[in-house]
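Subject: Handing over the structure

Hi,

Here is the structure I promised to pass on to you. Please open it alongside this email, and I will walk you through what I found.

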Amino acid sequence: RFKRRSWEAHLYLAYHAAFPLTLTPDLLYSLRANFSHYSNGEPFDIPWITVADLLLSDLCNEVSRELYEIDVSVRNVLLEELKAYPRFGVQRIHELSNFLFAYIEHQQPYNIQPFNKNFDRELKWTALAYTKPNEAAYKLARALLTSLEQHDTAEQIRLSALIETFAEPFTSVGLAPLITYVY
């Protein structure tokens, strides 16, 4: 429905917004500013209002103040379309990973709230899951083990959901046992 009702720019921004697990308005504006071009460098216009349109659309759910998520199944479809679109492709996934690392590095001095630390960690794991899935799986498994040792049930549930979210990149490199383990 979003695809039928939206302009091309809205769809392109939604493709890119699907990469991080959670979004803030700042992150989405940064995605808009950094990815308003095809992989070959040819520019396209994403009007500034597209950010608000996307965050207020049915695609995004506000999970806390200024923190949004795209439903996992919708996110997966958008990522598959991003990879399949000839003017973006798998190369764009790597560009998004590099962007997330740079974004986190730039934001870290300002992150003093506890949710920001989890937000940064999830962004790092997302970037790793698609470019270095073995390293991401190792870090997630270590965090899961720590949460088990500390009997932190809430963290175990959150980490299990993250691992499930990364099923596609993990399975593609033979890390299906980790996914099986969390079930």
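To start with one thing to look up on screen: which residues in α2 are buried? They are Ala-9, His-10, Leu-11, Tyr-12, Leu-13, Ala-14, Tyr-15, His-16 and Ala-17. Helix α2 covers residues 8-17, and with 9 of its 10 residues buried it is mostly covered. Please keep in mind throughout that this is a predicted model.

**The chain as a whole**

There are 11 helices and 3 strands in the chain. Going along the sequence, the elements come in the pattern α-α-β-α-α-β-β-α-α-α-α-α-α-α. The chain has 183 residues, and 47% of them count as buried. Its accessible surface is about 9,800 Å², and carbon and sulfur atoms hold 55% of that. Among contacts with a separation of 6 or more, 62% join residues 24 or more positions apart.

On the α2 side the contact involves Leu-11, Ala-14, Tyr-15 and His-16, which meet Leu-78, Leu-79, Glu-81 and Leu-82 of α5. By type, the residues of this contact split into 6 nonpolar, 1 polar and 1 charged.

Helix α5 also holds Arg-75. Is Arg-75 buried or exposed? Its relative accessibility is 1%, so Arg-75 counts as buried. Leaving aside residues up to four places away in sequence, Arg-75 touches Ala-18, Phe-19, Pro-20, Leu-21, Ile-70, Thr-126, Tyr-130 and Thr-165.

**α3 against α6**

The next pair is helix α3 (residues 25-34) and helix α6 (residues 89-107), whose axes come within 12 Å and cross at roughly 130°. At that angle α3 is oblique to α6, and the crossing is right-handed. From α3, the residues Asp-26, Leu-27, Ser-30, Leu-31 and Asn-34 meet Leu-96, Phe-99, Leu-100, Tyr-103 and Gln-107 in α6. The residues of this contact comprise 6 nonpolar, 3 polar and 1 charged.

Helix α8 (residues 133-149) and helix α9 (residues 153-165) have axes that come within 9 Å and cross at roughly 160°. Because of this angle, α8 is roughly antiparallel to α9. The crossing of α8 past α9 is left-handed. Leu-140, Ala-143, Leu-144, Ser-147 and Leu-148 make the contact from α8, and Glu-155, Gln-156, Leu-159, Ser-160, Leu-162 and Ile-163 make it from α9. Sorted by type, the residues here are 7 nonpolar, 3 polar and 1 charged.

Glu-155, in helix α9, deserves a look of its own. With a relative accessible area of 16%, Glu-155 is buried. Setting aside residues up to four places away in sequence, Glu-155 touches Arg-121 and Ser-147.

Finally, a word on phi.

- Glu-66 has a positive phi of about 55°, although it is not a glycine. It lies in the loop between β2 (60-64) and β3 (67-70). Glu-66 is partly exposed, at a relative accessible area of 43%.
- His-151, likewise a residue other than glycine, has a positive phi near 55°. Where does His-151 lie? It sits in the loop between α8 and α9. His-151 counts as exposed, with 67% relative accessibility.

That is the tour. Have a look around the model, and send me any questions that come up.

Best wishes

Note on methods: Residues are numbered from 1 along each chain as its sequence is written. This is a predicted model: local features need pLDDT of at least 70, side-chain atom pairs count only at pLDDT 80 or more; totals for chains, interfaces and linings use all residues. Side-chain values use heavy atoms; hydrogens and water are left out. Axes are lines fitted to C-alpha atoms, for helices over the stretch in contact, and angles run from 0 to 180 degrees between N-to-C directions. Helices (H or I, at least four residues) and strands (E, at least two) are DSSP runs, numbered from the N terminus. Angles under 35 degrees count as roughly parallel, over 145 as roughly antiparallel, 65 to 115 as roughly perpendicular and the rest as oblique. A crossing is left-handed if the near helix is turned anticlockwise from the far one by less than a right angle, and right-handed if clockwise. Contact means heavy atoms within 4.5 Å. Ala, Val, Leu, Ile, Met, Phe, Trp, Tyr, Cys and Pro count as nonpolar, Asp, Glu, Lys and Arg as charged, and the others, Gly among them, as polar. Buried means under 20% relative accessible area, exposed over 50%, partly exposed in between (1.4 Å probe, protein chains only). Accessible areas come from the Shrake-Rupley method with a 1.4 Å probe; for residues, only the protein chains shown count as cover.
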